[in-house]
Amino acid sequence: MKLTVWTYEGPPHVGAMRVATAMKGVHLVLHAPQGDTYADLLFTMIERRQQRPPVTFTTFQARDLGSDTAELLKTSIREAYERFQPELLLVGASCTAELIQDDPGGIARALKLPVPVVPLELSAYQHQENWGAAETFYQIVRACAAPAIERPADRKKTCNILGPTALGFRHRDDLVEIERLLGRLGVGINVIAPLGASPADLARLGHADFNVVLYPELADSTARFLAKAYQQPTVSTVPIGVGATRDFVREVARLSGVDPEPVLADPTLRAPWYSRSIDSTYLTGKRVYIFGDATHALAAARIAKEELGFDVVGLGTYSRERAREVRAAATALGLEALITSDHLEVEQQVQALHPELVLGTQMERHIAKRFGVPCAVISAPVHVQDYPSRYSPQMGFEGANVLFDTWVHPLMMGLEEHLLTMFRDDFEFQDGAGPSHLGHSISRTTSTPEVPVAAASPAPPAEVAPLPTPSAPAPSALTWAPEAEQELKKIPFFVRGKARRNTERYAAERSLALITLETLYDAKAHFSR
């Protein structure tokens, strides 16, 4: 365990809160110190939920450690049941409270409450948020599971949708899109869990013919339990991207015995048309770096390589439980996967690889911004702007359209930014010039003053500044002359990295310690032959 200013995942009890908040009729009693109540803000401020999470904190303080904290926990459990009257009670401890070893599960069972009590052993010093969510969901399903029933062979096929939780990245919208797809296929939905499900709903999980797992990090262990308990097969394809969505439709159709062709010919799908158009050649070969949870990183790598023609130069994840799958995907791309929870390692790799687009989390957005590289957020952890009020799925055919817009627009706008920078000295682009289509009678009368470096305000400067060039470590002791560095900045950002690498390679091969303007032009001439 180490101190860090950023973490890709919270502790396991945050995962337990995500499941409890997603469900109906469930309440979580969390043995935790006063400071751990911060987790409420993740749901009310970041996800902007209208209700507080159904969680009761014991909120013991330092002075309580000299007395009986177990008695405080017992009182909190009893009062939570009497106040909220849940159908099922979860009891666990935060990472800090684990050190006290008060045994929340044993205390809760001793109270003999008239509802099922599920104790959570979250192992906070060994696991993290997604594991905590998966373990909580698995334990609730096991506690609620009913005996298997015989499913008539001639009835309409139904499925369970497993995985969506509170505080999930686009889970709400993904679920709407998948429900539409299944409805068009004529497949009924038995239970959606944990999002919106009650303990009584979980007792009906065995009635379905198969399971659809949307987020393996959160629901794979539960799907494996259901497969063993009820002999239910699992749809393993995660429908993110055009190709994966088509594979998903075919897999569901095979399990339910329906014709997939009417759904495969989706008229709302626009991304493939653009991929066949002449404009798409602008995207071909763009260097892209991908990092996120395993589900979204794997999907992004497939879309980038197979559907958009990008060159994937880096692939990684913080999901250690699925590291093997990510390593296999990276090997197929000729890469070595980065499996880490340290954002500084990711930053070093981005700096070294000079990507032209970064696909990652909120942290990669900050990293890309420092290096002047376009970025699209594809995975949690995310900030409030990535919980949009509008409909914006990642899954299904509409999700493919959203992904296309989200990934391509940063590249297109980057080109526009470069053109504005290139022509900044033109009279029409000067700060005092008015809109060209209105003539010269209207001019800008105000402009935003430049902010000193030391100022705390993030207000942008009045003029369009050129994108900064990533300062990658040179292959040898190479130095760029100031005039050569300035000339390099005039090269469009989407080929600037290649120009830098070629020039440094040219200089290194000729043992040149200083890259001058002449070296830059010589390298250009050399590689243009």
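How many aromatic pairs does a search of the whole structure find? The search finds four, where rings of Phe, Tyr and Trp (its six-membered ring) pair if their centres lie within 6.5 Å, and planes under 30 degrees apart count as stacked, over 60 as edge-to-face and the rest as tilted. The model is predicted, so that local features need pLDDT of at least 70 and side-chain atom pairs count only at pLDDT 80 or more, while totals for chains, interfaces and linings use all residues. Residues are numbered from 1 along each chain as its sequence is written, and side-chain values use heavy atoms, with hydrogens and water left out.

One of the pairs joins Tyr8 and Tyr318, whose ring centres are 5.1 Å apart with the planes at 10 degrees, so this pair is stacked. Tyr8 belongs to the segment before α1 (12-22) and Tyr318 to the loop between β10 (311-317) and α14 (323-332), so the contact ties together parts that are 310 residues apart in sequence. Helices (H or I, at least four residues) and strands (E, at least two) are DSSP runs, numbered from the N terminus. Tyr8 is buried, at a relative accessible area of 4%, and Tyr318 is buried at 3%; buried denotes under 20% relative accessible area (1.4 Å probe, protein chains only).

Tyr318 also forms a tilted pair with Phe291, at 6.4 Å centre to centre and 45 degrees between the planes. Phe291 lies in strand β9 (residues 287-292), so its pairing with Tyr318 ties together parts 27 residues apart in sequence. Phe291, like Tyr318, is buried. Tyr8, Phe291 and Tyr318 form one aromatic cluster.

Technical notes:
Buried means under 20% relative accessible area, exposed over 50%, partly exposed in between (1.4 Å probe, protein chains only).
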